[in-house]
Structures are given as structure tokens and as C-alpha cells.
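Q: I am new to reading protein models. Can you take me through one, feature by feature?

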Amino acid sequence: MVENVGGIEALLQEDRRFPPSDEFRNQANISDPNVYEEALRDPEGFWAKFAEELDWIKKWDTVLEWDPPHAKWFVGGKLNVSYNCIDRHLKSARRNKAAIIWEGEPGDRQVYTYRDLYREVCKFANGLKSLGVVKGDRVTIYLPMVPELPIAMLACARIGAAHSVIFGGFSAESIRDRIDDSQSKLLITADGGFRRGAIIPLKQNADDALVSPTPIENVVVVRRTESADDKMVAGRDIWWHDLVADQPMHCEPEPMDSEDMLYLLYTSGTTGKPKGIVHTTAGYLLGTYATAKWVFDLKEEDVYWCTADIGWVTGHSYIVYGPLANGATSVMYEGSPDYPDRDRFWAIVAKYGISIVYTAPTAIRTFMRWGEEYPQRHDLTSIRLLGSVGEPINPEAWMWYWKNIGLEKCPVVDTWWQTETGQILIAPLPGITTLRPGSATRPFPGIDAEVVDEAGNPVGPGGGGYLTIKKPWPGMLRTIYGDPDRYVEQYWSRYPDIYFTADGAKIDEDGNFWLLGRVDDVINVSAHRISTMEVESALVDNPKVAEAACIGRSDEIKGQAIVGFVTLKDNVTSSDEVIAELKRHVATKIGAMARPDDIYFTAELPKTRSGKIMRRLLRDVAEGRALGDTTTLADPAVVEALKQQYGDDE
Ligand code: WT7
């Protein structure tokens with residue numbers, strides 16, 4: 001059954017309640033509690049009403065075609081996402097409003113009004129066309145957090161090419177795998193990006209990824225750090241500024257079908273191979289638009305800051321598409337929260353008068369450890385709403401955030417969702433919902449979520465089980481790129497025609513959802529999703545390693561930390577040097593965020609009689625707990641030896 005990953009005992013004793021203030025409710029975008037019932041009675045009508053707020057080239061014929069497990073939303077409709085995020089705001093005074101406020105780590109900054117964004121997106125879209133990119137192509141983007149990143153995404157959307165953004169922390173090999181899988185013909189990168197005062201060598205990683213054969217024909221390079229001026233490959237590479245220099249500043253948006261692919265984004269699953277999650281045009285745009293409007297209560301005058309990297313889905317949905325579809329001002333910051341000092345985030349809030357902050361629990365816990373003095377250095381009174389995403393938020397972190405950043409007057413919305421869901425599915429509506437520290441509270445209107453047991457029966461209030469979603473929603477993934485069978489098998493096979501989230505959850509007496517963490521072999525390190533299989537494959541790829549098993553051990557700051565148990569080949573002796581080498585090896589194979597925190601050597605791995613590695617026992621050992629059930633273990637002596645070596649119970 002579902003394990004006690006998030007410390008459910010502590011959660012269930014958490015009984016603080018924060019109803020919306022009258023002041024907040026009276027100005028909220030949505031404050032009528034009947035909306036839940038109405039939406040559940042007629043979800044299609046609910047979403048269709050929202051869809052009227054978007055701009056359509058041709059209106060849809062059918063809201064939903066549900067041929068389980070395949071959904072088509074707004075069938076027959078035609079629209080363009082970049083038009084909806086930019087052009088339609090140019091008809092009003094919004095044309096001069098800041099769409100993107102960007103700050104670089106060194107302190108440089110740029111502001112793009114909606115009109116500026118229009119011009120830059122159109123020029124780059126024309127640049128893409130001049131390189132032969134056409135509707136239906138895939139374009140890989142490997143950029144730091146610079147304005148060119150959302151500009152490139154919107155330019156792809158404008159001409160109907162699907163983008164595949166790869167987080168800047170990924171290694172050359174990870175880039176290569178993703179390019180091969182998507183068969184992109186263009187790569188957009190930068191010479192480098194700034195992080196803690198150092199330069200991340202993105203162009204170098206990109207070059208290493210492009211050894212032949214590769215489908216990539218051209219590489220567009222943003223000059224950010226001036227660190228690769230001598231590395232441009234003749235005939236293949238072209239500077240961004242050269243490409244756009246003479247392009248016309250208008251580009252007709254391509255009319256797209258509702259179900260045309262908007263982008264793919266790779267995420268880790270339970271196997272060693274990342275999945276290309278496919279999102280389409282109308283449903284995704286609508287899902288991010290509606291949730292941004294209601295969950296963040298976005299208003300014309302807000303200055304909204306999501307601190308995520310656009311390389312992850314959070315940045316796609318809630319830095320770029322959701323906020324811009326709402327005509328909001330979205331802030332982007334390039335660098336680290338502790339550069340040059342630990343008050344950088346709060347300096348940014350004060351500088352731009354930010355009113356909404358959306359960040360991850362792991363960041364909040366880091367700020368807690370650094371201490372209150374850093375937020376106290378700055379005027380944070382402009383903030384009126386706080387958001388959390390990426391992993392369960394413990395009540396202590398929730399309260400710290402509420403008190404020290406929200407100054408005891410701002411709602412904190414904990415938002416549960418996934419790369420696959422595209423949009424927020426469980427979160428408070430801050431003008432309606434009574435908040436509970438540690439709970440994502442209720443499914444968004446129109447979302448039918450249920451916690452079920454192994455057999456698929458609802459567990460009822462208080463019981464733990466698997467979180468499932470019973471009806472399709474607009475922003476849901478449509479398939480896994482190039483692997484339709486895996487889509488069906490992964491998400492829709494555990495329970496027939498019901499979406500399996502792979503998260504554990506409980507529902508309390510009031511109908512609030514408490515998320516407990518993953519129930520599969522995916523771990524969540526600082527709100528980054530990592531597959532234990534991927535780390536294991538990277539470890540066994542090292543010639544010194546015979547066998548490896550990885551687990552996530554709970555970590556006070558990061559949520560989970562990666563622990564590798566490794567059996568070395570006969571002729572290799574264990575040492576600190578080998579540990580360092582193996583950690584380095586994983587970072588080179590996947591990326592620095594997958595570097596194991598600890599590596600333990602063992603003569604053998606604990607396995608069941610049928611040969612399955614018992615990760616649960618390894619987790620017990622790594623967390624220093626008394627061992628759980630060992631009756632299915634093939635050789636109990638293996639675990640005894642591990643416990644002697646590393647366990648510290650009793
Ligand atoms: C997994 C999805 C959604 C954007 C960022 C992560 C965990 C996410 C919460 C939350 C508890 C959460 C789940 C989920 N998760 N948000 N508010 N409370 N857990 O996207 O990389 O696809 O990871 O993150 O375990 O399955 P992702």
C-alpha cells in the first residue's frame with residue numbers, strides 16, 4: 001500500500017485553518033462556491049465557457065471527443081497560441097504593458113512590452129522560416145533563463161513547429177537522446193548562462209551532443225556570456241542576432257487545429273528512457289489560461305513571478321503560456337537565489353513590486369535554513385498571494401512562507417499537478433477555499449479526482465491510496481511521442497479508463513487532498529523529477545560497477561536525496577575516490593541534478609527470490625530505520641550485512 005512518504009502522521013495532526021479574508025474574497029476573480037458543483041455537473045460546458053475567452057480563428061464544433069484513453073478537445077476549432085498570448089493584447093492599452101520583466105544574474109535587466117514581444121517573436125519566427133523550419137517540425141531549445149527562451153517558444157508556436165525545451169542542467173548525452181527521439185532539425189542554444197557567478201558552458205554541451213549522425217541541420221546561438229565566439233561551426237551555426245537582424249517584424253500566425261501538437265517535453269518515468277510528453281494547442285492553452293486566472297487570481301495590475309526554470313513544465317505553463325494568455329506581467333530571473341547574497345529573491349520582489357510569488361517547497365525550506373533576516377532586509381508588502389509547487393509542502397514550510405514572505409496576510413496556494421497534466425489539477429481557489437497548511441485542498445472545478453485502493457475502490461475520508469483522475473481535462477497529455485503504447489500502459493492500464501497519477505494521497509473529512517509523494521520509482525529531488533532507473537543505468541555504465549540500485553531517501557531540504565547502492569566488479573576496491581568518480585559519472589551522463597548524494601558499497605543487493613531488487617529495504621537502511629518485512633528476501637544475510645555497515649537503528 002501507500003507508504004508514509006510525506007510524514008502523514010504529522011499532517012493529520014495539522015488542524016490550522018485559513019479561510020479567505022473578506023478583503024481578498026471581495027476582489028477575487030472567482031468567489032462563488034457553487035462553481036464546483038456546476039462544473040462537476042457539466043464539465044464540458046464549464047470548459048467551453050472559459051474557451052469563449054480565447055481568440056479563435058474558427059470556433060470548435062465539439063467540446064470533447066472521449067474515446068478512452070484518447071481525448072480530443074475543441075474539435076474542429078482553429079487558433080494560434082502565440083496570437084492568443086501576444087497579438088490579442090495589442091488591441092488595448094495592454095500593448096504598452098510589460099509582458100516580460102527579465103533580470104540577469106549579474107544584475108542586467110530587460111523589459112519587453114507586449115508590443116516588443118510581438119516584434120521579437122515575429123522576427124525570430126521569420127528567422128526560423130528562413131532556416132527551413134515548417135509547420136509540423138520539431139525544434140529543440142537548450143537555453144538558460146534569458147528572454148530569447150520564451151521568444152523562441154512563442155515563435156515556434158507562431159509557425160506551428162513543436163518545441164522541445166531541454167533544461168540547461170542536462171548533459172550532452174541527455175540532449176542527444178532527446179534530439180534523437182524528437183528528430184529535431186534545429187537546435188537553439190546560447191554560448192553560456194550565468195549561475196552563481198560562473199558560466200554554464202551550454203554551447204560546449206550542445207556541440208558534444210551533436211556528434212554525427214544527428215538530425216540537427218542548424219544551430220542558432222544566443223550570445224549571452226561571450227564565451228564561445230571562437231566555437232561557431234561554419235555552415236551549421238548562426239548567431240541569433242544575425243538571424244533576426246534583417247527579418248520583417250510581422251509574421252502571420254499559422255492557423256492551427258485544436259489538436260495540433262504545441263510542444264513536447266521530456267520527463268522521467270519508471271524506466272531508464274525519458275518520455276516525450278505531448279501537449280496540444282487548444283486544450284493546453286485553455287487549461288493554463290483558466291488555472292492561472294483563478295488559482296493565482298491574476299489581475300491587470302499584478303506583477304507575477306514564478307521562480308521555476310522554463311526548462312520544466314512549471315515554467316512552460318506558468319511563466320510563459322498561462323500568464324501571457326492572461327495578458328499578465330511575468331517576471332523571469334536567470335540565476336541563483338544566493339547570488340550575490342541570500343536575499344536576491346527578496347531584492348527582486350522589492351525592486352519590481354511583485355505581487356504574486358510562485359515557488360517550490362525545497363526553496364522555501366532553504367530560505368528557512370538561511371534565516372528570516374534575508375527577507376526582512378526588503379519591503380515585501382507588495383505581495384498579495386503566494387504559490388507552491390513541485391512536491392508536498394510540509395506544514396512548517398507553509399507557515400514560514402505565510403509568515404515571513406506573505407507577512408501573515410496572503411493566501412498560500414499549494415498546487416498539485418504534473419508534466420503530464422499540463423495544468424494545475426488540485427489547488428485552492430483563494431477567494432473561496434479555506435486553506436490548510438500542507439494540503440493542496442480541492443480539485444479545480446471540472447476536475448474529477450478520487451483516491452482509490454489497489455482494487456480501484458474509493459478509500460473514503462482518512463484512508464490512504466492512489467490518486468486518480470476520472471474524467472479527461474483540457475490540458476492533459478495526448479500521448480508519449482513515438483510511443484503510443486507506453487501512453488496507454490503507463491497511465492490508463494492500472495484502472496480502466498481512469499488516469500493513474502502514480503502519487504499517493506489521502507482525503508480528509510472536509511474533502512481536502514493531502515499529497516504523499518510518488519508510489520513508483522520516480523523520486524523528487526528539489527522538486528526535480530528523477531527516475532531511479534536512469535541513475536542506475538548511469539552507474540552501471542561505469543566500467544567499475546557490476547550492479548546498482550538507487551532509492552530516494554527523505555531529506556530535510558531537498559525533499560528526497562539520491563542514494564546509490566553499488567556492487568563493484570571483482571577486481572575493483574572500494575574507496576572515496578571511486579565514490580567521487582561514480583558521482584561525477586552520473587552527473588556527466590544525466591546532469592548535475594541527478595548526482596547521487598551518497599553511494600554505499602555492498603557485496604550483494606537485497607533481492608526477492610524472483611530476482612527483484614527490494615528498494616524498500618534499501619530505503620530503510622539509508623534512512624536508518626528498523627527493517628520492514630523481509631520474508632520475501634532471497635538471502636537475509638545480504639541485508640544484515642548492509643545494516644551492519646550503514647544502518648544505525650537501536
Ligand atoms: C510530480 C510531478 C507540476 C509541476 C512540477 C513538477 C509532485 C508536484 C506537488 C504538490 C505534492 C507535488 C508529484 C507529481 N508534485 N506538485 N503541490 N504537492 N506533490 O512536475 O516534474 O512532472 O513532477 O511532482 O509527485 O507526480 P513533474
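A: Start with one pair. Lys589 forms a salt bridge with Glu173, and their closest N and O atoms are 2.6 Å apart. The term salt bridge here means a side-chain nitrogen of Lys or Arg within 4 Å of a carboxyl oxygen of Asp or Glu.

Q: What kind of model is this, and how are residues numbered?
A: This is a predicted model: local features need pLDDT of at least 70, side-chain atom pairs count only at pLDDT 80 or more, and totals for chains, interfaces and linings use all residues. Residues are numbered from 1 along each chain as its sequence is written, and side-chain values use heavy atoms, with hydrogens and water left out.

Q: What pLDDT does the protein chain average?
A: First, the term: pLDDT is the predictor's confidence in each residue, from 0 to 100. The protein chain averages 95, and 98% of the residues score at least 70. Over residues 1-6, however, the pLDDT is below 50. That stretch has 15 contacts in the model beyond near neighbours in sequence; contact means heavy atoms within 4.5 Å. Where pLDDT is low, the predicted coordinates should not be read in detail.

Q: Which domains does the assignment give?
A: Domain bounds come from an automatic or database domain assignment. Here domain 1 covers 2-489 + 496-505, and domain 2 covers 526-649. Their C-alpha centres lie 32 Å apart. The contact takes 26 residues from domain 1 and 22 residues from domain 2.

Q: How do I read the area buried between domain 1 and domain 2?
A: The size of an interface is often given as the accessible area lost when the parts come together. Buried area is the accessible area (1.4 Å probe) that two parts lose on being put together, summed over both. For domain 1 and domain 2 the value is about 1,700 Å², and carbon and sulfur atoms give 47% of that area.

Q: How many salt bridges cross the interface of domain 1 and domain 2?
A: The rule finds two.

Q: Which elements give two or more residues to the side of domain 1 that touches domain 2?
A: Helices (H or I, at least four residues) and strands (E, at least two) are DSSP runs, numbered from the N terminus. The elements in question are α8 (172-182) and α14 (361-370). The largest share, four residues, comes from α14.

Q: Where are the cis peptide bonds and positive phi values?
A: Most residues other than glycine have a negative phi, and most peptide bonds are trans. Here a cis bond joins Pro68 and Pro69, with omega about 0 degrees. Pro69 is in the loop between β1 (62-67) and β2 (70-75). Another cis bond joins Ser212 and Pro213. Pro213 lies in the loop between α9 (202-209) and β11 (218-222). Arg196 has a positive phi, near 50 degrees. Arg196 sits in the loop between β9 (193-195) and β10 (198-200). Phi of Ser526 is also positive, near 50 degrees.
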